[in-house]
Structures are given as structure tokens and as C-alpha cells.
Amino acid sequence: MEVLNRLATERRDNETKYIDRQTTENILYSINKHDETVAAKVKEEIPKISMVVDAIVGAFQKGGRLLYVGAGTSGRLGILDASECPPTFGTGPDMVQGLIAGGPPAILTAVEGAEDNEELGRKDIAAKEVDSRDIIVGIAASGRTPYVIGALKEAGERGAKTVSFSCNRNAAMNEYSDHQINVEVGPEVIMGSTRMKAGTAQKLVLNMLTTASMIKMGKVYENLMVDVQPTNQKLVDRAKRIIQLASGCTPDEAKELFDRAGGNLKAAIIMHKTKCSKPTAESLLREANGFVYHALEGI
């Protein structure tokens, strides 16, 4: 009880004390008012988030992985962010992963006691054979979840870079990490319901971590997703439009380039801009480590 009293995420919000007596519109205005404060709190942590992005890029450049570890809402948000990376940025399924206390069943249904099991966190990291190339981001609104602490301890002992990401200052798990992100959003509209402001803050930061890291890995040209995987018709249409926007070609030319490049958007863009063949475009990309703008420099 005493520990909970010290956590900002567990305090009671005086402004919404009588929310159960408000009209529907006023309930929604109250929620919206609180949500408006989240982005500003995230902004305060950008210098620390930036350091974590650089550490993630360093891990990727060594062939390492980014693993999110969390319980409940925090774990689900990590899995969500990880699952979006392959279709958006063309990453392999192992490059960014999410682990949740209780395993896959916990994605849909709470697994009792899993988040309180520090040893389970250790076992899940060991099962992934984490090593010094990897980076582990532990996510917990409270900053004290035993499962996450166990995962951070095990990862640190294996030489991996570790990050604690919480919504409370002076979080307990900060002690077990190389980098700390603490976005203190304050009391929730409904006391302790950290799927709300805390969850929003977590989603914003995870978006930043992977998006910025993928930009730094050459997965984006200008502000276009040039490694998007065209796995359905919507994405095929988007891919062709990206080729058109990036190269200045016509829609018909974009379709032809998409087909000639075998769905490789980066190659298609270079092929149009340099009037080269697909093999030459692919060679230019390899020399530029996958960065389209580097491949086009001096041409």
C-alpha cells in the first residue's frame, strides 16, 4: 500500500473525482483534457529517447535484435509495435520482438501471477538466447513489475544493452538498466487504469523508438516507406504511389518500374532516377548500405 501511494500512476485525480455523475459529453471532455497532456510529457524525455534510439541502431548494425518486455497493457503494446515492423519496414520477424508475461495467451487474456514472477522474466530472456548484440526495453507503467525486472537482470548479465521505460520517476527497474525513460503522466482519469494516459505515452514512445531507428537504418527515403512489403493489394497500390512520389514518374511508369524491380521500391526509384538496370540499382544500394539518398549522391 505504501509503495502504491508513492507512484504517480496510482494517485487519485481530484479533477475527475465525481466523473461518475457527469454527462456523457463531459466524461469524454475530461478524458480528452487529460490525454492532451501526454505528448508534452513525452517531449520532456526526448533527449533520453534519442540516446535509446542510437543504442537500438547500434544493436541493429551489429546484427542484434530489439526485444520489448512487458506485462499486461505494456506487454501488448510492445507486441503491437514489434508486429508492425515487418510490413512497414521490411524487417525480418526476429529483428524486433515483443515478450509478454504469461506468453501468447496473455495477449488476449490476463495470466494470473505471471507479472509477479521475476524468474519467468529471466527464463523468457534466456529462451531467446539474448547476447551482447541485443537491446532489451523493459516496459512497465509502474516501473516495478517483477517480470520485467527479472528480464532486465538476465539481459544485463548476458551483456545486452538494457532500457527501463516507465511512467513514474525513480522507477525501481531503473536500477537494472543502462538507459532510463520515465514519462510521468500523473494520475489517471480512473485511478490506476494505466491503459489510458500511461498506455498512450507508451504507444507514442514505442512509435518513436522503432520509426526513428528504421529511418537511421535506411528504411525510409525522404518521408516514404521504401521498404514496405507489398503483401496485399492496398500495399501494392501504396508501393506504386511511393515509387511515383519518390521518382517523379507517371502512374504508368510506376507500375512498370514496380514490375521490373520485382517489387523492390528502392531499386525502382534508383532505376528511374539513374536510368540504370535492376542489377546496377541493387549494386548501388549495397554500396550505400541500403540508403537511397546515399546511392543517388553524385549521380
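Strand β1 (residues 66-70) is mostly covered, with five of its five residues buried. Here, buried means under 20% relative accessible area, exposed means over 50%, and partly exposed is in between, using a 1.4 Å probe and protein chains only. Strands (E, at least two residues) and helices (H or I, at least four) are DSSP runs, numbered from the N terminus. This is a predicted model, where local features need pLDDT of at least 70 and side-chain atom pairs count only at pLDDT 80 or more, while totals for chains, interfaces and linings use all residues. Residues are numbered from 1 along each chain as its sequence is written, and side-chain values use heavy atoms, with hydrogens and water left out.

Back to β1. In a regular strand the side chains alternate between the two faces of the sheet. Which residues of β1 sit on each side? Leu 66, Tyr 68 and Gly 70 are on one side, Leu 67 and Val 69 are on the other, and all are buried. β1 also has a partner: strand β2 (residues 96-100) pairs with β1 in the parallel sense over five bridges. Two strands count as paired if DSSP finds at least two bridges between them. One of the bridges links Tyr 68 with Gly 98 in β2.

Now for the chain as a whole. Its secondary structure comes to 13 helices and five strands, and buried residues make up 48% of its 299 residues. The C-alpha atoms fill a box of roughly 70 × 50 × 35 Å, taken along the principal axes. Contact means heavy atoms within 4.5 Å. Among contacts between residues at least 6 apart in sequence, 65% join residues at least 24 apart.

UniProt, in an unreviewed entry, places the feature "domain: SIS" at residues 56-219; such annotations may be inferred rather than shown by experiment. Over residues 56-219 the chain is 40% helix and 16% strand, and the end C-alpha atoms are 14 Å apart.

| Residue | Helix | Relative accessible area |
|---|---|---|
| Gly 58 | α4 (residues 46-61) | 25% |
| Gln 202 | α8 (residues 197-216) | 0% |
| Leu 235 | α9 | 9% |

Why does Gly 58 count as partly exposed? Because its relative accessible area is 25%. The C-alpha atoms of Gly 58 and Ile 135 are separated by 9.2 Å, although the two residues are 77 residues apart along the chain.

Gln 202 has a relative accessible area of 0%, so it is buried. What is it in contact with? Leaving aside neighbours within four places in sequence, Gln 202 is in contact with Thr 73, Ser 74, Leu 77, Ile 139, Ala 140, Ala 141, Phe 165 and Cys 167.

Leu 235 is buried too, at 9%. With neighbours within four places in sequence left aside, Leu 235 is in contact with Val 228, Gln 229 and Pro 230. Leu 235 and Pro 87 are 148 residues apart in sequence, yet 9.1 Å apart in space, C-alpha to C-alpha.

Finally, helix α11 (residues 265-274). Eight of its 10 residues are buried, so α11 is largely enclosed by the rest of the structure. Among those buried residues are Leu 265, Lys 266, Ile 269 and His 272. What do the buried residues of α11 pack against? They pack against α9 (233-247), α10 (251-260), α12 (278-287) and α13 (292-296).
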